[in-house]
Amino acid sequence: WNNTLNTAFFTNVSPLLPTAVPKITSICAPNNTSLTLTLPEGYASYTWLPGGATSRTITVTSPGEYSARVKDASGNTVHSQKLIVTSSIKPETPTIVQSGSQQACADSAFVFSLTSSNDAYSWFKQGTTNVLATTPTFSVDEAGTYQVRSQNVFGCTSDVSAAASLIIRQEVSQPTIAKSGPFTIMASIPE
């Protein structure tokens, strides 16, 4: 080795650049029960772990750790990143803590909340698709029936939650105070 790895070797030979780690991309299936995992094009071979599938794309339906070994055109083996699915592919249906019918005064708001989770949320009024909030809590000052669905990091969405409604109570009118006899005061609220 001393004769080969001399000054001339290091002067004339260009080092190989490190190979980039192949990134796994994931797409949630339309039915939200499976993920399609895909590796980049351009490799001579692919081997998925676990299972040993040899295609560029696999479909997974259960939790686990997924990675792959790929070989480039020179025969070098490169390990991909690891993709970890920790729970069901389809997120659990969120539960609104304040279920059923709630009430708020006309000059205030009511806050609906969910049990905590790592998912993203989409709150909406029943019968619409307009997203009103994306957090685990949602402050509402408009009467209506509200629902929420969750979305995990893979883009899979849950079923829609049970509905929770909000009734806004009418503002109470200013009472009129009038004298009614020598020692009695009477208040009345116009309706």
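**Close-up views of a predicted model**

View 1. Leaving aside its neighbours within four places in sequence, Ile84 is in contact with Gly64, Glu65 and Phe154. The model shown here, as in the views that follow, is a predicted one. Ile84 belongs to strand β7, which covers residues 83-85, and with a relative accessible area of 44% this residue is partly exposed. Thr157 stands 73 residues from Ile84 along the chain, and the C-alpha atoms of the two are separated by 18 Å.

**View 2. Asn152 and its polar contacts.** Asn152 is placed in the loop that runs between β12 (144-151) and β13 (164-169). Its relative accessible area is 13%, a value under the 20% limit, and Asn152 is therefore classed as buried. Two polar contacts of the Asn152 side chain with the backbone can be followed in this view: a polar atom of that side chain lies 2.8 Å from the backbone oxygen of Ile89, and the side chain also reaches the backbone nitrogen of Phe154 at 3.0 Å.

**View 3. The disulfide between Cys28 and Cys156.** The count of disulfides in the model comes to 1, and this disulfide is formed by Cys28 and Cys156, whose sulfur atoms are 2.0 Å apart. The pair links distant parts of the chain, since Cys28 is in strand β1 whereas Cys156 is in the loop between β12 and β13, 128 residues apart. The torsion about the S-S bond is about 115 degrees, and the disulfide is therefore right-handed. Both cysteines count as buried, Cys28 with a relative accessible area of 15% and Cys156 at 0% relative accessibility.

View 4. Most residues other than glycine have a negative phi, and most peptide bonds are trans. Against that background, Asn32 has a positive phi of about 60 degrees although it is not a glycine. Asn32 lies in the loop between β1 (25-28) and β2 (35-38), where, at 13% relative accessibility, Asn32 counts as buried. The peptide bond that joins Leu49 and Pro50 is cis, with omega about -5 degrees, and Pro50 itself has its place in the loop between β3 (45-49) and β4 (57-60).

View 5. Across the whole structure, a search finds 6 aromatic pairs. One of these is the pair of Phe138 and Tyr146, which is edge-to-face, with 5.6 Å from centre to centre and 70 degrees between the planes. The planes of this pair are over 60 degrees apart, and the arrangement therefore counts as edge-to-face. Phe138 counts as buried at 7% relative accessibility, and Tyr146 is likewise buried, with a relative accessible area of 2%. Ring pairs link Phe138 and Tyr146 with Phe110, Phe112 and Trp123 into a cluster.

Definitions and conventions. Residues are numbered from 1 along each chain as its sequence is written. This is a predicted model: local features need pLDDT of at least 70, side-chain atom pairs count only at pLDDT 80 or more; totals for chains, interfaces and linings use all residues. Side-chain values use heavy atoms; hydrogens and water are left out. Helices (H or I, at least four residues) and strands (E, at least two) are DSSP runs, numbered from the N terminus. Buried means under 20% relative accessible area, exposed over 50%, partly exposed in between (1.4 Å probe, protein chains only). A polar contact is a pair of N or O atoms within 3.5 Å; within protein, one must be able to donate a hydrogen and the other to accept it, and residues adjacent in sequence count only if both atoms are side-chain atoms. A disulfide is a pair of cysteine sulfur atoms within 2.5 Å. Contact means heavy atoms within 4.5 Å. Rings of Phe, Tyr and Trp (its six-membered ring) pair if their centres lie within 6.5 Å; planes under 30 degrees apart count as stacked, over 60 as edge-to-face and the rest as tilted.
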